[in-house]
Amino acid sequence: MTKEKARDWIDENRKHIVELSDRIWEYAELGLVEDKSNKLLADELERQSFEVERGVAGMPTAFVAKWSNGEGPTIGLMGEYDALPGLSNNKVPRKEPLKPGAPGHGCGHNIHGVTAVSAAIATRREMKEEGIGGTLKIYGSPAEENYDGKVFMVRTGLFRGVDACLSHHPGSVNTAGLSSSTAINSVKFHYYGKTSHAAGSPEQGRSALDAVELMNIGVNYLREHVIDKARIHYIIEEGGGQPNVVPDYARSWYYIRAPERDQVDHIYARIRKIAEGAALMTETALKVDFLTGVYNILPNKVLSGVVVSNMKEVGAPNYTAQELAFAAEIAKSFPREQKVDNLRKSKMPHPEKYVDIDIMKDILDPWNEGEVSGGSTDVADVSWQTPTIEFGTAAFVLGAPGHSWQTVACSGTSLGHKSLIFAAKTMAGATLDLLTKPELLAKAKEEHAKKMQGRTYRCAIPNDIDPPLAIAKIAAEKLKGS
Ligand SMILES: [Zn+2]
């Protein structure tokens, strides 16, 4: 009854909820500069009697909103709102930038934060009306895509005392997956050399670009001697001005990933040695700039069960002929073989059933326990503090590439809206279950303790490193499009 009423509230307020998501889609702000997006959500919560603390953990665009109804569990709901560079696209089933070069919501985070906010408001109303004890904490967490805002929030202790955490990510299937994610370090290597005329007096120069290249070569040889599941990728961010000037400054940016945190630590230590070796070889100076580091996710089967059963109670959305045609048009933009490949890679049972489906209508029981997805997320660090699950609802065309114009287009249309409403109802129901059924929370916690295996969480980001606000501002300026 209570859950139904919470879901009814979401239906009654559908128009406003969708508007919030569309506005964040239009803002499309990059990580740590989500000024308008975070304000929109924080203001909304404040209007609904939540006590909002803004600018937490050293990030002006992070907030925690709290509402308490006396004694009871504390449930955390997390929401993201950062966009991705260069992906701006119109709400059409073809590549057509809205503003060339500008950011776009290529990961659907315009939906992510609004799910948490609307689920929280619907839940709060029921808690108040039915006298359900407990506390809701909504985490407005910036920069998931580039600077891992949640890790700084964890480091500040903002998740202390939370009994369980829920998070929603729009995706291409409806489920609360049990796969883990990779742990990662994001690090920049700056080399400083000596400039000179590259033809007239090359012997006087010390090339910072040589150091960057030699470091990359060393790392590429290291690949043979790391575990199979490690992933090391880099770009050269700065490589000099033009060929006739020996570059006195060059910079690379590395991501180092592996299924477990300590594996990343181990590989990173070796990469540091290679970086120092390159400086020695080239007589340049090295400065290492550690940006962020996250853990691997500890999935929670109990929470996944609560979420999936709520999904089933709500029922997945139906789609109009127009929506299906839109999805079919998007599906034409990438090869069918890629979809077959992606389905197979996901190890989902009976992938052949879904090869000709563009937008998923089934609710799937998670099939991926024990798997590790290639990507990383800062949700992982929260999962080392308290039982946590991030669930997905279909918003994107099945098999479409992630972080793409295709996902930008879907996130802003009714496909995204339906995913949002479905997720918000699911999240409100799951939160009410966790508030009213202590045995569920107890089981979730027991599972969490077991998965921690007695290990202690040690934040990968050193204490003296602050969120890179200045870097983020400069990057956002550079990537704002024309
Ligand atoms: Zn995302």
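Two strands are taken as paired if DSSP finds at least two bridges between them, strands (E, at least two residues) and helices (H or I, at least four) being DSSP runs numbered from the N terminus. The structure is a predicted model, in which local features need pLDDT of at least 70, side-chain atom pairs count only at pLDDT 80 or more, and totals for chains, interfaces and linings use all residues. Residues are numbered from 1 along each chain as its sequence is written, and side-chain values use heavy atoms, with hydrogens and water left out.

By the pairing criterion, β6 and β9 run antiparallel and are joined by nine bridges; F189 stands opposite V288 in β9. These strands belong to an open, antiparallel sheet of four strands in the order β7-β8-β6-β9. Because β7 and β9 (285-294) each have a single partner strand, one side of each edge strand is left without a neighbour in the sheet.

The zinc ion has as protein donors C107 (SG), H109 (NE2) and H169 (NE2), at 2.0 to 2.3 Å. Donors are N, O and S atoms within 2.8 Å of the metal (3.2 Å for Na, K and Ca); water is not among the atoms, so sites may look incomplete. The donor residues follow the spacing C-x1-H-x59-H. C107 lies in the loop between β3 (74-79) and α4 (109-130) and H169 in strand β5 (residues 164-171), so the pair ties together parts 62 residues apart in sequence. Both C107 and H169 are buried, that is, under 20% relative accessible area (1.4 Å probe, protein chains only).

Technical notes: Buried means under 20% relative accessible area, exposed over 50%, partly exposed in between (1.4 Å probe, protein chains only).
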